[in-house]
Every structure is written in structure tokens, then in C-alpha cells.
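Biologist: I am new to this structure. Can you take me through some labels and say what each one rests on?

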Amino acid sequence: MRSSGVTTQRTASSTSNTTTKYLQWTLNGPFEALGRRHQFMMGANYNDNTSTAYGLDCFNSAGQSVACMNGISNGFAIGDWREFIRTGQGIGEVTTARNGKDTVTRIKTYGSYAATRLSITDPLSVIVGARLSWQRNFSNGVVTSGFRHQVTPYLGAVYDLNRNYSLYASYTDVFEAQSQRRVDGTYLDPKSGTAMEVGVKGEWLDGQFDGSLAVFRNQQKDVATIARDANGDPLYVTGDEGVTTYLNGASGVTTKGFELEFSGRITPSWNVYGGYTYLSVNNPNATGAEDDPKHLLRLNTSYRLPGSWNKLTLGTGLTAQSKMHQVATGTSHPTEGANVNIDLKAYTLFHAMARYEINKDLVATLNISNLFDKTYYRQYGFYSGAIYGEPRTVRLNLKATF
């Protein structure tokens, strides 16, 4: 569907600071029971995340007050993003100053878990466990939401068919806090559901090469969904125009698919690894949008050169994914106007690496991602805009051991 109209891009000025404190404790070990040897594990963790979004006042080059979020109408192409158009009038470079109207959000999460791996018979092991969780969310020191004494169980089993193959299955409840906020600034309720997986694992060449095939199915409710106005445009937290608001709107969301992975050493000098994932999402609350690719392929290989060149290892690889589809929501396409369905095209990226052992204590590694500097979009973003993927990137690392 397509309609003509004014094309709009938006700019926003914002500044924030985030601090995270994390603590984890674990204990595990074997024990004997009923004449067999089993494994026990337990642990606890604590996470405290505080984020401050600083309130800003924005000014143009003449010192006049302007909005910190502005629409750019029919202004293509823009040579300098520091200069943009607001209501048809150029306002020059924008400067900002903090005004003290800050929003401090804090998420405190802590919990503990216990699990045991029971050796039922020589080929059969069963894993049973559970996690107990608490969470509190704060906005400017006021508790906005949270939960306590939430129990999420886990059950799994592994059966060794022979020395090369094993079957496994697992089930767990899903209970995950969400960081998205409602229009009034309070946090959404956690999403919940179930996750199941069955698969087979194998290894060959005396353990030098292994692979797995897994089939999975997850079902969730109360999943975050963007809150929109009557025109389909996103809504924002009251008093904080830079934060999109959400609803606990998506229930019965089912994700299923399968994943194939392999890794190992074909020869002492030649390593290969890769995988393929197929993903199908059924969201009865959606309108046909596909926010994740259905197909994802990863292939990598590395080879250590022989003879006098054996200090040098060369590698290459690729990642490829299928297209994603976004249904029109009232926002604008840069060249086709408003109410336009948007497809992010499929793409394939190539990578390369080289590692050289200067001596036994010093190794240099060169990594090049997006080798051919392909221009592509990696995901949807603000106002259903498309976010560019990373261009060709070269990284040189020097590692020394003492």
C-alpha cells in the first residue's frame, strides 16, 4: 500500500549515564547416592542497574530555545546533520544544556537457583532444577513495578545412544522481566510462558569434530508491543519524549524452528565451524510483520599454513540472513511517502582474519568484518526507521602473555 504525502525524518538530542553492579556466587560438585555418582550445583546472583536520562534544554545558533526533537520535512539529502529544518526554517547547529529535570530509573534483580544431574542408569541422566527470583523497578526513587518469590522450574534428560550420539530434551517455564515502560513511566509486567527443546548431539574423528541438531518451541504471553496513537505513530513516556512506550499486548506468541551446528578439526591445521537456523514466529496480535529473519547461516574456516609459514593462520567466513518485513504503521518511508510496507532485504557478509605468532608470548591478530564494505540494513529502529549495519571494520589486536 502506498500514499503520497510529506516525507519526514526526525532528530533528537539526549544524554544519559548507566551504572551496573553485579555479584554472582556458585557452588558445584559430585555426590554419591544409591550406588551412583551424581552432580549438584547451586548459586545466587544480584544485579543493580541504574540509568539516568538527563533533562535537556536545546538552543539554536542564535541562542533561541528549540525543541530537542525535530522533524525534517522534505529535506533530502542532508549534508550536515548538525543543521536541519524545523517548520521550513533553518535553525543551524543545536546546543544542549542540562536543566535538572532528570529521570533516574533503577532495576534491582536478585535470585538463587539449585539443580542436580542424576545418573539414573549408565546411558540416562536427568537434570532437575529451579530458580527463585525477585525484582523491583524504581523511577526517581519510587517503586513502579516488580515481583517476588517467582519460581521457574527446569527439567531435562540426556540419553547416550552409543559412544558417538546422544539424545536430549528440556522443558522450562519462562519468566522474564521487561525493561519497556508504559505511557505513565511504569514498567511492563514480566513476560511468561514455556520453552521446550529436543535434539541430538554427535561427535566423530575421536572427538575432534562434533555437531548437533535441535528442534525448539517457545510460547509466551504479555510480550511488549509498541503503543501507538490513532494514526499508527508510536507514543512516548509522559515527560520524556525520547522513550517509546509499550503495552503488555502480545499473548499467545509462538516461536518454533530448528538449529543445526557443527565445529571441529578436519586436519591438524584446518578448522571449520558453522550453523543454520530456521525460525518461524506466529504472533496473533501482529499484522504480518517479521522482525526476525526466517533463515540465518553462519560458516567459518581457518587454516594454519605449513612449513616455514606455520606461525601464520588465515581464516574467512560469512553470515547470511533472509529478508525481514515491516507492516506500515503510519510512519514515513524516506522516498515513497507514508503508510508504506518496508522490507529489509536479505544480505550476505564476508569476513577475513589473519593471526601471526610473533613468538611464544606475543600474538598479533587482524580481523576484517564486512570485507567488501556492503551497505545493508540490520534492523528496524526509532519510528520504524531502518538502522544501517556496520561498514567494513578493521581491528588489529596484539596479545602478550607473561
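Biologist: Why does Asp206 count as exposed?

Modeller: Its relative accessibility is 76%. The label exposed needs a value over 50%. Asp206 therefore counts as exposed. One caution first: this is a predicted model.

Biologist: Where does Asp206 lie?

Modeller: In a loop. Strand E14 (191–204) is on one side of the loop and strand E15 (209–221) on the other.

Biologist: What about Asp373: what is its phi near?

Modeller: Phi of Asp373 is near 55 degrees, again a positive value in a residue other than glycine. Asp373 sits in the loop between strand E29 (362–369) and strand E30 (377–380).

Biologist: Why is Asp373 called partly exposed?

Modeller: Its relative accessible area is 36%. Buried means under 20%, and exposed means over 50%. The value for Asp373 falls in between, so partly exposed is the label.

Biologist: How do you know that Thr52 is buried?

Modeller: Thr52 has 13% relative accessibility. Buried means under 20%. So Thr52 counts as buried. It lies in strand E3 (residues 36–53).

Biologist: Which residues is Thr52 in contact with, leaving aside its neighbours within four places in sequence?

Modeller: They are Thr15, Ser16, Asn17, Asp102, Thr103 and Val104.

Biologist: And which residues touch Ile107, with its neighbours within four places in sequence left aside?

Modeller: The contacts of Ile107 include Asn47, Asp48, Asn49, Ser179 and Tyr187. Ile107 itself is in strand E10 (residues 103–119). Ser139 is 32 residues from Ile107 in sequence, with 9.1 Å between their C-alpha atoms.

Biologist: What forms the nonpolar patch on the surface?

Modeller: Tyr159, Leu161, Tyr165, Leu167, Trp204 and Leu205. Together they have about 550 Å² of accessible area.

Biologist: Now the sheets. What is the strand order of the open sheet of three strands?

Modeller: The order is E5-E4-E9, with antiparallel pairing.

Biologist: Why do E5 and E9 stand at the edges?

Modeller: Strand E5 (65–66) and strand E9 (95–98) each have a single partner strand, so one side of each has no neighbour in the sheet.

Biologist: How do you know that E4 and E9 pair?

Modeller: Pairing needs at least two bridges. Strand E4 (residues 56–59) and E9 have four bridges, so they pair, in the antiparallel sense. Phe59, for one, has Thr95 in E9 as its bridge partner.

Biologist: How many bridges join E23 to E28?

Modeller: Strand E23 (residues 312–321) and strand E28 (residues 347–359) are joined by 10 bridges and run antiparallel. Gly315 stands opposite Met353 in E28.

Biologist: What stands opposite Met353 in E29?

Modeller: Asn367 does. E28 and E29 pair antiparallel over seven bridges. A hairpin of two residues joins E28 to E29.

Notes. Residues numbered from 1 in each chain as written. Predicted model: local features only at pLDDT ≥ 70, side-chain atom pairs only at ≥ 80, totals over all residues. Heavy atoms only, no water. Buried < 20%, exposed > 50% of the residue type's maximum accessible area, 1.4 Å probe, protein only. Contact = heavy atoms within 4.5 Å. Patch = residues over 30% accessible without salt bridge, like charges linked within 9 Å, V, L, I, M, F, W, Y side chains within 5 Å. Areas by Shrake-Rupley, 256 points an atom, 1.4 Å probe, with all protein chains shown as cover. Salt bridge = Lys/Arg side-chain N within 4 Å of Asp/Glu carboxyl O.
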